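Please look over the sequence and the model below before reading on. The paragraphs that follow lead through a sheet, the helices beside it and one further residue.

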Amino acid sequence: MSALADDKAELFPRLSTGNPQADIVLGGGFPSNSINIVMGQPGAGKTIFAEQLLFQNASADRPIVYISTLSEPMSKMVSYVQRFSYFDENKLGSEIQYEDIGPLLSSDGVSALVPWLAELIKSRSPKIIVIDSFRAIHDLASSVPETRRMISDLAGLLSVYDTTTFLLGEYTSEDIQRFPEFAVSDSIIQLARQALGTRDERYLRVIKLRGSSYREGQHAFKITDDGIQLFPRLVSPRIAATYTPRVDRTSIGVSGIDAMLDGGVWAGTTTLLVGPTGSGKTTIALHYALEGVARKEPTLYVNFQENPAQLARSFANLGADLDAARTSGLEFMYASPVELQIDSIVVGIFERIKGGTIRRVVVDAVGDLISAASDAQRLHDYLYSLVQHFAVNGVTSLLTFESGSSSLGVLSAHEQRFSYMSDNVLAISLGGEERTRRTIRVIKTRNSAHDPVVRQLDISSAGARVS
């Protein structure tokens, strides 16, 4: 970190969320001494997000106070938090203190909140205050002016003291324009959940963050035993001032295909392999991965079609020793298409290549990602960003894509869309009446000569070869 960055961090300290990925999205975390709103529908993960932050920042110097209003009973809230790995019972009652102001609000109204909170701040000097649910307080207010006065007094109180405040609530997008707390807040974090088939997808979005840069858009997350696991939206890498591409060729590993590509594909490029079911795409992908192992190029094989046992059998059919291949640098990433979440897969691939050791990547097949995606444009943007990171990191990739047509060289609209982001496109077709006949053709290569002739592709127990 530079001296300038150190000075900036000292002048404008940040509060960690307890989640490294969420801190990345927030540009380093929440600004200290700020008022923050965490909004979302019931069950979106607001309480888990807040409690994970509390246990991360708990220390013996100053306490953290979690205030319940008219939402869940305090006993139930404490009972549920014990189920997560970040829970530490030694911090309860001292470093983390729970208070219930619900009965006082019910009897005296919303005007009781600020005086009660002022007394708490003076007596305990908490470094973090969480009010859950702040949205419920609106239901007790007798009028809009009363609510606005309370919010104004609350903001004035919190700005005087050295404390960071989080207001949790079941707000909707329309509430942002209606309720005064959004005007005085320094940040607004939205947690959302939407049904997709038999499963739910959850997203975090930063709507507002004063005086700080942050990563825009929707960031998928899952709720695990460790709390919230976030997958920051992948963005394209910055364009370097100087860039020297690799000028070596990478072998596909299939006899005859390299010759069609003038000796192989350029290192650091992406190849899209298109073909119908049973055309041999996975077999070629296996050859490509094994060729990487043979050339001592660590390879990541991402697969959705076959489970690990089936994939091991496929490698064995090609005469490969899977244990030896793993030792030599072959890594696997498998996800069932039933539970496939594109954010976790794409970000997972990015995290693997970020280490700088992976030289080859296989994704078999892109079509499964399309089926799992709730937003086609979002998937396209993710894959485009991922391919750009491949190029910057010198990773040569092979993506398989199942076509709906057996006609050679005829790409569907989906295929054409993904072909634009690829440097090379190979198309396989199926034909023949009495006997299956496979043919392969180079649709395009960038900055390279190639064979325009349609060639016969043979698939046997020995694997694939072009004759």
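Which residue in β22 is the bridge partner of Asp-458? In this predicted model, the partner of Asp-458 is Arg-465, and the two strands concerned, β21 (residues 455-460) and β22, pair in the antiparallel sense over four bridges. In general, the strands of a sheet pair through backbone hydrogen bonds, and they do so in either a parallel or an antiparallel manner.

That pair belongs to an open sheet of nine strands, which has mixed pairing and the order β16-β15-β17-β18-β14-β19-β20-β21-β22. Because β16 (330-334) and β22 (463-466) each have a single partner strand, they stand at the edges, and one side of each is left without a neighbour in the sheet. From one strand to the next, the twist averages 20°.

Helix α11 (residues 281-294) packs on this sheet, where it touches β14 (270-275), β15 (299-303), β16, β17 (360-364), β18 (396-402), β19 (424-431), β21 and β22, and its direction makes about 170° with that of β18. Helix α12 (residues 308-317), for its part, lies across β15 and β16 and runs at about 145° to β16.

Is Ala-183 buried or exposed? Its relative accessible area is 54%, and Ala-183 is therefore exposed, the cut-off for that term being over 50%. When residues up to four places away in sequence are not counted, Ala-183 touches Lys-208 and Arg-210. The C-alpha atoms of Ala-183 and Ile-151, which are 32 residues apart along the chain, are separated by 9.8 Å.

Key: Residues numbered from 1 in each chain as written. Predicted model: local features only at pLDDT ≥ 70, side-chain atom pairs only at ≥ 80, totals over all residues. Heavy atoms only, no water. Pairing = 2+ DSSP bridges. Axes fitted to C-alpha atoms, helices over the stretch in contact; angles between N-to-C directions. Contact = heavy atoms within 4.5 Å. Buried < 20%, exposed > 50% of the residue type's maximum accessible area, 1.4 Å probe, protein only.
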